[in-house]
Structures are given as structure tokens and as C-alpha cells.
Amino acid sequence: MVASKENFPLLAELLAEQQRLDTPVARFATAHAALSGSQLSTLSAQLRPQLLPLTAPRPGEQYAFEVDLDSCSGCKSCVAACHSLNGLDDTETWRDVGLLVSDDRRHPFSQTVTTACHHCADPACLNGCPVLAYEKDPLTGIVRHLDDQCIGCSYCVLKCPYDVPKFNARLGIVRKCDMCHGRLAHGEAPACAQACPTHAIKIVTVTVGGALCPDSVTTESEHKAPPTTFLPGAPDPSYTQPTTRYVSKRALPPTLVAGDHATLRPQAPHWPLVFLLTLVPAAVGTQLVALTQPDFVTYYVTNSAWLAGALGLAISVLHLGQPRRAWRVFLGWRQSWLSREALAFGAWFALSTLTLVLQSAFGIRHFAFPCATAALGAFALFCSVMVYADTRRAFWRFANTAPRFFGTAVVLGLAGALACGELGRTAMPGSPHWLGFALALATIAKLVFEARTVLPAHDDRNEVTPRLLTALLLTGPLRAFNELRLFAAVLGGVLLPLAIALRVAPPAFAWAALALSLLGELAERYLFFRAVDAPKMPGVGA
Amino acid sequence: MTSALDTLLRAGSGPMTSEMVLHPADFGLGRVPARLKPAAATTAVCGFCSTGCGLKIHLNESGEAINLSPDPAHPVNLGMACPKGWEALTPLAAPDRATTPLLRSRGTGLPTRDSDLLAPVSWERALAAFTENFKRIQQKHGPHSIAFLSTGQIVTEEMALLGALFKFGMGGLHCDSNTRQCMATSHVAYKQSFGFDAPPFTYADFEESDALIFIGANPCIAHPIMWQRVMMNQRSPEIVVIDPRKTETAQAATLHVALRPKSDLTLLYGLAHLLIARDAVKREFIEAHTAGFDEFAAFVADFTPARVAHETGVPESTLFRLAEILGKRERVSLWWTMGVNQSHEATRTAQAIINLALMTGHIGRPGTGANSITGQCNAMGSRLFGNATSLLGGYDFTNAGHRTHVADTLGLDAARIPQKTGYAYDQILDAIDRGEIRGLWVIATNTAHSWINQSRAKEILAKLDFLVVQDMYATTETARMADLVLPAAGWGEKEGVLINSERRLGLVKKVARAPGQALSDFAIFQLIAEAWGCGEMFRAWRSPEAAFQLLKKLSAGQPCDFTGIRDYAHIDAEGGIQWPYVEVGAAVPSRPEFTAADAPQTQAGSESRPYHQSIRHRRLFTDGRFFHADGRAKFLFDPPRPLPEPPDAQFPFLLLTGRGSSAQWHTGSRTDKSAVLRKLAPTVLTVEIHPADAARLAITASDRVVVRSRRGEAEAVALITATVQPGQLFLPMHAEAVNRLTFPAFDPHSRQPAYKACAVALARL
């Protein structure tokens, strides 16, 4: 027998029944659950004294997470509870659980580590924010993020050494742990602390500025050996002074490293920034090169520089999650290099535009204008360098970033001038020969400088350093881009300019040299973002 | 004016800020964002593992689940849950849910199976295809040429209806479930030793032990909420972990015994030897309540400390310390999980643990017991009502009296009940390979991923004339091979009872709508019964709760008697009820003790929920009477056997497998659907390698490596850690590639596969 007409009633009935919710069985517990009212469930209420300080912080103190490493077994309930009770988006998590491992053969050891925002005494996120979207609560010390103020520039993501702020694509802003301040204010423990099956997470009061001072734990956990360092395998705490206290009765082996300490993690490319930081240096560089040859200040050079700058700045807006709030970017100028960079670029572009307008509409060609424009451009570029140097990431240190950014300016300035000279050939005598030689020289110098970055890849790999990881990224997952960068630079920045300078190739090849040099610099800037070793709290392997 | 400017310059409020502002949630739930404020709350027991945590489901106005949190008033988890529990609702909303039946468009019996050829069809068409194909196969190859493989993940009522439908209605014989992969050993070990499959403990024992000995168990990761109960122990207990790896649990233990893999049977016999030699056994208990001790004592006489130390790699001093703990501590509980169950000599190893508890009298008292921690949420339901190895309700197929009793209770003709048990999981696959079984029905399990020596399992499944997969997802490795996919509702979309590790019946409720035309497994079985033409036989099974009442009747007089449970509402009100539970005044088969520690509780939780105070925590064998006819427990033993596939020159490493992360469940068909759970597990397969081995093979941290066995290979990333011993590797079991490597050895008593040890080679890529 097969399914036949007489089965249809049953099928229809079962399909209808399947969609029926709020059945009597589903309601069972509702009635008495409602009785418990808005008070916290009894167990959590009982736990409250264990999980929260009994008094508010006094002056000079703040709230902090305390994690009992001996109790953390790596179940990760804290992460899921934070996600559920705070209603975070599907892929959004504000807490994470990582692993510390030891390769000590005699003493096998591993330690799971739960980590969220450390509510630092000197928060890098707050210090870097161009729109003052962070505030440190004067009473509790909680580092709070003002979601409606955030422009979504993600600079805090780059600034925080613990990888705490997370960009939320739906909202176009960054969000992060606020220590459940809305719960704390009502005597309820943060979601993670309530949810830890072994009570490994609690809130304590610590002395601000004495984050690493052994006497600063003022809770009942004083019997535990106070930490002498922040946490093995974690980034240097002296930068931001994280307040989270990791405590253990056991001495942690000195050889502990993060489970993912050798994991290669290519970072986000930030394409709009790649274009910004290639086109604007190109513009500034062209202006600088033009200064060396007052005769050579042609209509084309000025226009091209302005156009490149305009394009770069326009594209950079795409980087922001909330561009309509970006007008507030000046607010952070006292503390944030990003704010300064934005202001400097704004001023530079205004002056570039003025210079152009005066030149083309009114025929005013006073030498002071291009000089001031170029100087302001160079300062803006310096601000750009500082934006990255201020993250304290090894690959982005000043000595590595400044030569790259200014190198791009020089290379593309020369390449641009070479091409513009070709464009203006009919009116002017054409670009000077030295431009070709200079471009080749500048490109070679920049390539040599960059080559130092991949050298550690051939070192002894027993000690994993940020420099080694960057080198391994460039020679591993990012190898194709690295080779593209090299190919474009050698052909467009060295061989073609030499050929033009030596009159082996026709001057029109300057356009190919410019295009390839631009491609090479874009690739270099792309690698600048992707190959950086971003510090973070210990993660799991792989 | 200044303040207006301030507000303009710094937006401290607005829609994005409001989104995160917390409001009182009521229902004892603390504070939640406005969007998640529930209109009502109800409770349900979690549907992942056997811990059986109570979850509070937050409902909107239409009774639909919008969020959940662990239930603080539930006696199992006391307001905590692992990440899987927290994320239990997420997999229901996955985009790859099966929403209509899918039928392979090009005939059947294709040599290669490709999910692209699966086309949506109506339920009528699907039911016709099911019955036509299976009946045709039965007509051609005999009634036993069809089989089913089911699961420990569906509710008891569904398991029972499936088993009854298949064996009594469809005339089938061979059926098994994935509990064979996790719990068959405990089932057989208890049944042989105690006379019934009866884990004796209650979770309160975690808190009441002076010493807890974990053997092949990593509760920190596999059962975090049980570990929570261990951490609640106020008796400063000794915590011993017997495991080749220094697991998370071993890190937290007071003593880690890093024995050689699969030498646990020898170790346990060695401990028995020492206890006897030191006269640290409880003679009175042994004489009054056990059988076979003298033979056992004679048998372990050879297991001298020197021999055992040599064979297990455990120093004699550690053996002495273990014997001292067992012999001198007042309350010692022994706990085992998959490290024991998934072994080539699993049943005897589990019984060696039972033997230790029996000879030391560590059973039937608070904080004691030889305790199997179960795997799946309803493995215990499957063991009692799966109708596979034992007849519904823990009866025996070969016993005519049992068959009549079950038939009478269910209103069937006893002749419809098979007189023998069918094949076990591995035997069903072998029978498919031989061509003896031609049609297979897979329910809520993922054989093509999880079966040991997976590549062969896939080849075998490809031989079937007709493969039906009934699952929530049409995307599992097995569903992609199916001829017919039946879309099933999942946990939270249906009602029924799960039975947890401590024998606690808990309730699952319908709090979400199944997508499309997906139906509960119970409804699917009802439809199939009608389509098959045996619907009459199951008229009494009109709803899960009606079925529950039938099962209750079947349990009467059995050790698992739960006739004292009135209905679903009763279970719900009590926060789950442990079997046995009979009506007041009725004879209690095991006479469970209401211990002082558990008895009248006046904890605050009872204010909001009127729990029956004395029934929250109960253990078995408090009077020393076991379920064998003579009331005695048996000492059972066999000499240890060598590893089925020891490492050799070509494959010099021993591969251990196990749970990798508390955020992953089995083959990931559900947990992989949650972005949060995915984030909490390694994104790539990670192999743990000892530093000495890594140095020898020039492997450094995070290098890509390949692990090869005689059966297949898997690529992985190296995690170098001394938590594994030299010569051993560890891979988490959740990745599909891992079971390409495993060696198909089986315990002779339980037929459970030995996933935990096989020989492999390792190389840097």
C-alpha cells in the first residue's frame, strides 16, 4: 500500500499541528516562572556577593575583571552567555577563550584563558579615537563606547593591543564589552560572570595605576598569589595598563606561549586606506617634485596632483562605517593622530584647491602657494605615518612606516612628473632626463628597504617574533602580492625609467612606468596592511 | 546652549546606544536588551549531551522562542550551561534546513550519489517512495533486507515508536543507533554486572565524594556542567584523572595518571591486585552482595605492581597512591566516558571499574559508584526504548514471557515481535556490504562522517538500493548520499522526554516552528505507519504524551519503573524525575534511598517552583541489592588483549581522538550552524604533537602536516605540546577527515567501535 487519499487528513493534521506553538505543554512553566518577577533568579542572587565587590570604587580605584585561571576549564560558556544575554549579532562576540601552552617536555602544561575588554587604565582605543567616542567612567573605570558617536573608522581596532573592539558591519560602527555596566548598576553580575560554571570570572576593585602592583587586589581573593605580570603570552601591559587580574595559585611556567603564537593571520586589507595612502602620497610627491623645477610647474602637474589627492580622499570615505558622522573628526585632535591626519589632509586639500584655482582661473602663480601646499602635504603625510606608528605594532613602527609612505611620495611623484612631462611635451621642452634616473634610484632604494622585512623568514624560527610573522606572511600566504609588488616596481620603476632616460624607449613609455609604479605602490600598501602582526590575547592554535 | 552643543558634538544616546540598553526581563531573568524582553518563559531540557541541563526558554507573544538562558532552579545545572546549551536555538534557524521531502530524480541504486539530483517532492510522493522501495526490497530479498540506523538525539517516544514500527509493523529485524558509538559498552557492562543497564549515580555524588577518579573522561570539555558540580564539592576531594593525555581535566586534577593508551584494563586489574594484597577490600559487602570475587581475586594475582608498572608506564609509587585512595577514602566515585567505552576491550574495562567499586564497597552510598557518564542527550532513552538490543522497556527478545507482556501492554499480537536480536551497527554495514541488506533508513545520525574507517562506510552506503535519511538538514555527509530525504523537526520544535546520565527524565517542548513542511520524527513515523498499512497497530500512539503513557506502562515492575510519574506536567514541575519512580506505596525495585544530604531541601529555589523536595537526587543500590535474580553483582573479567593496530616502523605514531571543544557536538551538523560556536572551535584541524617528536621531524608550531593511516590521510596544523606523550598524536573527532584514519576494531561484547587508538604516520607538508 502506498500513501493514498485517506492519509491526507492525517498529513494535513500533522502539518498543522507542527506549526502550532504555545501548546499546553509549552506553557507549563510559564505561570510559576512569572511569579519570580523581575528579581534575578535565586542562584545568581546568591552568587552576587562572590562575583561583585560589595562597595563602589573609591577615588583612585576602579572595577576590573578577575579571572581565576585555576578554575577556568575552557568551557567557553562566558562567550556564549555574553552573546545571548547582550543580544549581540550572529557573528559578534565580545569575549574569547584562548589557550596558553608550554613546550616544556618535562612539565606538560596548558591553560585556558578567558578574555574580554581589560578596561585599561590608559586605554589605547580611547586615546586614538578621532571623535571621542570612548569615555572612561570616572566612578567605575569602565571604558565605554558611545555607539551613536562612532564613525566606524576602526582605528580603535588597530590601536587596541588586545583585539577587543569589534567592527559591526550591520551598524557600521565598532562595539565592545562594557562590563555589563547596565547590570552592575543594578547589582547584577556581568553576563560572563553569571554564566561561568566554576565562577572563574568576577568583578573586583583595583587600584588605578597600580594595575600590576601586588597589593592592589582588594577582594577576598587576597589569599591567592597576586600576579607579578599581566599574563604570559599576552601583549606588553605597560602600553595601556590593562586592569584585568589573572590569578592562579600555581606558578605558571615561564615558557608559556599563546596557542596561536605562530599562527599566520593576514589582517584586513582596508582597500580604501590602501588607495588613500597611495594616491595622497602620490599627490604630495608630485607637488614636491614640481617644487624642484619651478619651470616645470605645468598645468598638468598641478592638476594631476590635485586629482590624485581628491580621488584618494574621496575613496577614503568608503572606509568609514558611518561617514555622515565624520564631520566630528576634529574633536579628537588633542589626542588622536587620526584626527590630526584628517585635519591636515583637509587643510592640505583646501590649499591645493586654492592654489589650483588661483593658478588656472586668475593666473596667480606665486611660488609661495605650491611651497605651502607641498609643506602642508608633507606634514599631513607625517600625520599618516604617526597614525600607524602610534599603534605600536612592530611592522608599523615609525622607522618602517615613514620611509614607506614618503618613499611612495617620492617614487610616484617622480613617476607622475615623468608622465606629466610627456603630456606637456608639445608646450614644454619635456621632462628632464634626470627624472628617469631619479625614479629608478628611488625605486631601487625603496625595494632594498622593503627587502629587509622578509629577511627574518630565513632566521632561526625557534623564537617567534612579530617581525618573523610578518616575514612569514609576506613569503607565505601573501607571496603572490609580494611578487606582484616586486615585478611592478622593477619593470615600472626601474627598467622603463632607465630605458626612457637612456632614450632606448620612447618617452610615451612614461605612462606605462607611472601605471606600473602606481600598481607596485598599491600592492606595497596592501601588504602594509595585510602583513602586519596584530597583537592580541592568546588564542587557540590554528 | 552649551549642553545642546555638547549633545551635538558627542552623541551619548541614540538608536544604536538604545539597542544595548538593558531592561528588566522579568521571569527571574535579570536584564536584557529591549528587543529580547520575553513575553513569557518556559523550561525545557537541553538536546545536546547527556548532562540534561534545564534551559529557560524566553518566548515572545506568540509563544515563539527568542532567546534562552540556563534554568537556575533546575537540579542538574543550577543556572549554568555550556556554549552548546546557550546556542541551542541557533541551529534551528539555519538556512540549510530540509523544508520538504527530497527524492533522487534518477531512479535508485546509483553507483555514485550526488546531492544535486535530489528534487523536492510532496510528502505523499515521499511516503509512496518510502513504502514502494522498502516493500519491493523486502519482497525480493526477504523481510530482513531493510534496516535502520538511528540516534540518541531524538526523544524517547520517537525512539520507541520507530523501534516498534520497524520491528512490529514493517517486519524488520536489524536496527541500531549511534548510541552504539558511544554508550553500548556501558549498557552491556552494567547489564552483565548489575543485571540491568542501571547507572547507579546521581549528580550530587560529584559534590559528595572524597575522591573522584575519572577514567578516559574529560568533563571540562565534554561535560562542563558536570565539572561545575565537581567544583562545587566542599570536601576537598582528591581528583584523579587516568588518561594518556594531560587534558583540561587532568590539568585541574590533583593526580594525573598518564598511562599508555589502552593499558587501562591492566592498570585497573593491578589496582584490584594491590587492594587485595593490602586487604583493603570490604569483605562483608563482597560476601553479602556480589558473586565471583574469588575467581576474580585469583585472576588478578598475576597483576603485580612491577608487571603493571611495566605494561602501563605508570610508576609503582603512583599505583600505591591510587590503591590508597581507593582503599582508605570514605567515599570514592569512579567515572568513565569514551576513553573506556570506545576501546577494543571496552566492556571488560568498564567492568574492571565496576569491580573496583564492588570490592571496596564504593557503591550505593553518597559520593561513590562506578559511574558511566553518558554521551548523547537521550542515549539512556535509546538504551531502554530503542527496541534494538533489548525489547522495549529493557526486556529480552528471546524471552517468550517478555514478548507476551510487551505485546499485551501495547495491544499487539506477540507473534509480531521478533524472537531474536538483530545485527549491531557494524554488522548492519557488513550485511549491506555483502548485499544482504539492501535498504537503509538513517534517522538523525551522520554515518558517512562518524563511522569508524569512514571511507569504507561511504563505499558501503553507496551499495544500497535505497537510502532514506531523515534529518533536520539535507546537507549532512549522509543526507547528500540519500535517495530520499525526509525533513525532520529538531529539538525545540517538538515534545517528548529525554533521559539523562543520572536516569533523569526531562521534558523537551515545542517553542519554535519547524521550517516548511518539516515534521517531528514522531509525526513522520505516524505517517509511515499509515502509508505502510500498519497504522491500526499504532492507534494508541496518537501523540508523544500518549506514547509516554504506553512506555510508562511498559516500565512497570522493571528496574526503570517510572509509573509514579503522572504526565509531562509532573516531569516539568519537578525539574525532571529520576527512574525508578513509582507511586507512593508501590514496591520500589531498587529501594532508592532518600539520603540526608538530598532530603528535605529548603533552598531558595523551591519558593518559586514547588519541587517535590525528596525526589531531586537519588542513587541506586543503597541496600546492596542488584538486579540479577540472586540480587548479587557479578565480578566479570578477561585477560587484556594487545592493541589491534599497534604502531610500527611504517606508522610509528598512535593516534588518539576525542572531543576538541565544548562548542562542538559530534559531526557538527548542528553546532556548525552557529557562528558563535564555530568561532569557539579551531577553524582548521589541529593535531597535538609532543615537542620531542616535532623536533625530530623538524615540525614547528603552526606548520601544516599530514597524518596518514593505512586507510586514509588528513591534513592538519601542528600544535606542539607535551600534553600528549611522545609517539602519540591527538586529533579532535569533529572534523570529517579524522574518521578516514581510524581503525575498525570493535569490543566483542558491546560491538562498540574503538575510535581511540590507531597507528599513523606524521609528516610535514
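In chain B, B:T156, B:E157, B:A160 and B:L161 of helix α5 meet B:P544, B:A547, B:F548 and B:L551 of helix α25, where two residues are in contact if their C-beta atoms, placed from the backbone, lie within 7 Å. The model is predicted: local features need pLDDT of at least 70, side-chain atom pairs count only at pLDDT 80 or more, and totals for chains, interfaces and linings use all residues. Residues are numbered from 1 along each chain as its sequence is written, while chains are lettered from A and ligands numbered from 1 in the order in which they are written.

**The α5–α25 pair in chain B**

- The contact of α5(B) with α25(B) has six nonpolar residues, one polar and one charged; here Ala, Val, Leu, Ile, Met, Phe, Trp, Tyr, Cys and Pro count as nonpolar, Asp, Glu, Lys and Arg as charged, and the others, Gly among them, as polar.
- Helix α5 covers residues 156-169 of chain B and helix α25 covers residues 544-555, and their axes come within 9 Å and cross at roughly 75 degrees.
- Such axes are lines fitted to C-alpha atoms, for helices over the stretch in contact, and the angles run from 0 to 180 degrees between N-to-C directions.
- α5(B) and α25(B) are therefore roughly perpendicular to each other (angles under 35 degrees count as roughly parallel, over 145 as roughly antiparallel, 65 to 115 as roughly perpendicular and the rest as oblique).

**Chain B as a whole**

- Chain B holds 29 helices and 28 strands, counted as DSSP runs numbered from the N terminus (H or I over at least four residues for helices, E over at least two for strands).
- The C-alpha trace of chain B spans about 90 × 70 × 65 Å along its principal axes.
- The domain assignment of chain B gives domain 1 (22-88), domain 2 (102-179 + 390-490 + 516-555), domain 3 (184-373) and domain 4 (653-764), with bounds that come from an automatic or database domain assignment.
- Between domain 1 and domain 3 of chain B, the C-alpha centres lie 36 Å apart.
- Eight residues of domain 1 of chain B are in contact with six residues of domain 3 of chain B.
- On the side of domain 1 of chain B that touches domain 3 of chain B, six residues are nonpolar, two are polar and none is charged.

**Where the chains meet**

- Across the two chains, 100 residues of chain B are in contact with 84 residues of chain A.
- Helix α4 (residues 123-141) of chain B gives the largest share of the side of chain B that touches chain A, with six residues.
- That side of chain B divides into 53 nonpolar, 29 polar and 18 charged residues.

**Domains of chain A**

- Chain A is divided into domain 1 (44-258) and domain 2 (271-530).
- These domains of chain A meet through 18 residues of domain 1 and 18 residues of domain 2.
- On the domain 1 side, α6 (124-128) and α7 (155-159) of chain A each supply at least two residues, and the largest share, three residues, comes from α7(A).
- By class, that side of domain 1 of chain A has 13 nonpolar, four polar and one charged residues.

**Helix pairs in chain A**

- Helix α12 (residues 337-361) and helix α13 (residues 368-389) of chain A have axes that come within 8 Å and cross at roughly 160 degrees, which makes α12(A) roughly antiparallel to α13(A).
- The contact of α12(A) with α13(A) has 17 nonpolar, five polar and two charged residues.
- Helix α10 (residues 271-292) and helix α18 (residues 510-530) of chain A have axes that come within 9 Å and cross at roughly 130 degrees, which makes α10(A) oblique to α18(A).
- A:L273, A:V274, A:L277 and A:T278 of α10(A) make the contact with A:E521, A:L522, A:R525, A:Y526 and A:F529 of α18(A).
- Six nonpolar, one polar and two charged residues form this contact of α10(A) with α18(A).

**Backbone details worth a look**

- The peptide bond from B:W579 to B:P580 is cis, with omega near -5 degrees, and B:P580 is found in the loop between β21 (577-578) and α27 (605-608) of chain B.
- A:M179 has a phi near 55 degrees, a positive value in a residue other than glycine, and A:M179 sits in the loop between β7 (173-175) and α8 (181-184) of chain A.
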